[in-house]
Amino acid sequence: MGMLTTSGLSVSFGGKRAVDSFDLDVKAGSLVGLIGPNGAGKTTTIDAITGFVPAQGSVLFDGTDISGLSSTMRARTGLGRTWQSSELFDDLTVMENLQVASERVDVRGFLRDLFRPRNDDVSELMVILESLDLADSADVLPTDLSHGQRKLVGVARALAAKPKVLCMDEPAAGLDTEESQTLGGRIRALVDGGLSVLLIDHDMGLVLTICDYLYVLDFGQLIAEGTPAEIRANSKVITAYLGERHGGGSDPTGDDGAPVDGAPVGEVGVGE
Ligand SMILES: Nc1ncnc2c1ncn2[C@@H]1O[C@H](COP(=O)(O)OP(=O)(O)O)[C@@H](O)[C@H]1O
Ligand SMILES: [Mg+2]
């Protein structure tokens, strides 16, 4: 039994099926990738899993059906997420950003922290910062960090809420190849430490390198699933990424300003 399992997950916007009967499984302690061209339904899938859009079908989290729960309750049971464009509080230090997040599910705690920052859980949050190589940045403002480090703080902030499963929406968006690989290595290390992760990313090189298993969506439909080796060799995946409607830079910017990765899937090297 997986840690996070969807069955017949479907989302419609008006008459449009953004996600169509998607069965997904994230096993405990595994890193599962969700890929597909812009508009494929990836973000909507995470929105449906975490309770931010109404959906049909079921979502099982750690053996419990959470389909009827609000997004707040889902977060409280240990289902974490990061956003496609995550905003940090630029007037709070890195550590304060984590403190706010660790209390965010508790409104009274959140209000109290506005007036009197808590310090009792700092050591626990420090462990999170250390695991992401951010310990030296605990007391600096996010604006003094590189883009790659800010992304890591976004991940650290999500971890501060102590999720059992973390759904990440394009955490590497806007990073250069080296920063992206660093982030990928950190995510892999978190999973090797026991966290379960559902990762959306358009960087095929990254997901094929670090994920245990992958799902590929196109127009809301599952077109392939399998190990990185199986996905690399899958002709439907290659077509979806190289097909006419995605070629020639006709849609140069996604929501994050990044192009759909146009590299032939079969040629993405592990060591690139
Ligand atoms: N709130 C919304 N209202 C209407 N259509 C939406 C909404 N959110 C997403 N969509 C549509 O659903 C489809 C899937 O979007 P999305 O999940 O954001 O794709 P991806 O994350 O794979 O790029 C797209 O066609 C998008 O335009
Ligand atoms: Mg998206």
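Select helix H6, residues 147–160, to begin. H6 has 14 residues and reaches 20 Å from its first C-alpha to its last. That is close to the 20 Å expected at 1.5 Å a residue. Keep in mind that this is a predicted model.

**Stop 1: around H6**

Colour the buried residues of H6: Gly148, Lys151, Leu152, Val153, Gly154, Val155, Ala156, Arg157, Ala158, Leu159 and Ala160. Now show what covers them. The cover includes strand E6, helix H3, helix H5 (122–131), strand E7 (165–169) and helix H7 (177–192). Then step past the end of the helix. Lysine 162 follows H6, and its phi is positive, near 55°.

**Stop 2: leucine 98**

Move to helix H3, where leucine 98 has its place. Leucine 98 counts as buried because its relative accessible area is 0%, and the limit for buried is under 20%. Which residues does leucine 98 touch, leaving aside its neighbours within four places in sequence? Select Leu125, Ile128, Leu129, Val153, Ala156, Arg157 and Ala160. Next, draw a distance from leucine 98 to valine 155. The two C-alpha atoms are 9.8 Å apart in space, while the residues are 57 apart in sequence.

**Stop 3: the open sheet**

Turn to the open sheet of four strands. Its order is E2-E1-E4-E5, and the pairing is antiparallel. Which strands stand at the edges? They are strand E2 (16–26) and strand E5 (64–65). Each has a single partner strand, so one side of each lacks a neighbour in the sheet.

Walk across the sheet pair by pair.

- E2 and E1: seven bridges join these antiparallel strands. Phenylalanine 13 stands opposite lysine 16 in E2. The hairpin of E1 and E2 has two residues between the strands, and glycine 14 takes a positive phi near 60° there.
- E1 and E4: strand E1 (residues 4–13) pairs with strand E4 (residues 56–61) over five bridges, in the antiparallel sense. Threonine 6 has valine 59 in E4 as its bridge partner. Serine 10 stands opposite glutamine 56 in E4.
- E4 and E5: two bridges make this antiparallel pair. Leucine 60 stands opposite aspartate 65 in E5. This hairpin also has two residues between its strands, and aspartate 62 takes a positive phi near 50°.

While the strands are on screen, look at their side chains. In a regular strand, they alternate between the two faces of the sheet.

**Stop 4**

Return to strand E1 and its antiparallel partner E4, which it meets over five bridges.

How many of the nine residues of H1 are buried? Eight are, so H1 is largely enclosed by the rest of the structure. Highlight Lys42, Thr44, Thr45, Ile46, Asp47, Ala48, Ile49 and Thr50. Just after H1 comes glycine 51, with a positive phi of about 90°.

**Stop 4**

Threonine 43 is partly exposed, at a relative accessible area of 27%. Glutamine 84 counts as buried, at 15% relative accessibility.

**Last stop: the whole chain**

Zoom out. The protein chain has ten helices and ten strands. Of its 272 residues, 49% are buried. Take the contacts with a separation of 6 or more: residues 24 or more positions apart account for 66% of them.

How values were computed:
Residues are numbered from 1 along each chain as its sequence is written. Chains are lettered from A and ligands numbered from 1 in the order in which they are written. This is a predicted model: local features need pLDDT of at least 70, side-chain atom pairs count only at pLDDT 80 or more; totals for chains, interfaces and linings use all residues. Side-chain values use heavy atoms; hydrogens and water are left out. Buried means under 20% relative accessible area, exposed over 50%, partly exposed in between (1.4 Å probe, protein chains only). Contact means heavy atoms within 4.5 Å. Two strands pair if DSSP finds at least two bridges between them. The expected span of a helix is 1.5 Å times one less than its number of residues.
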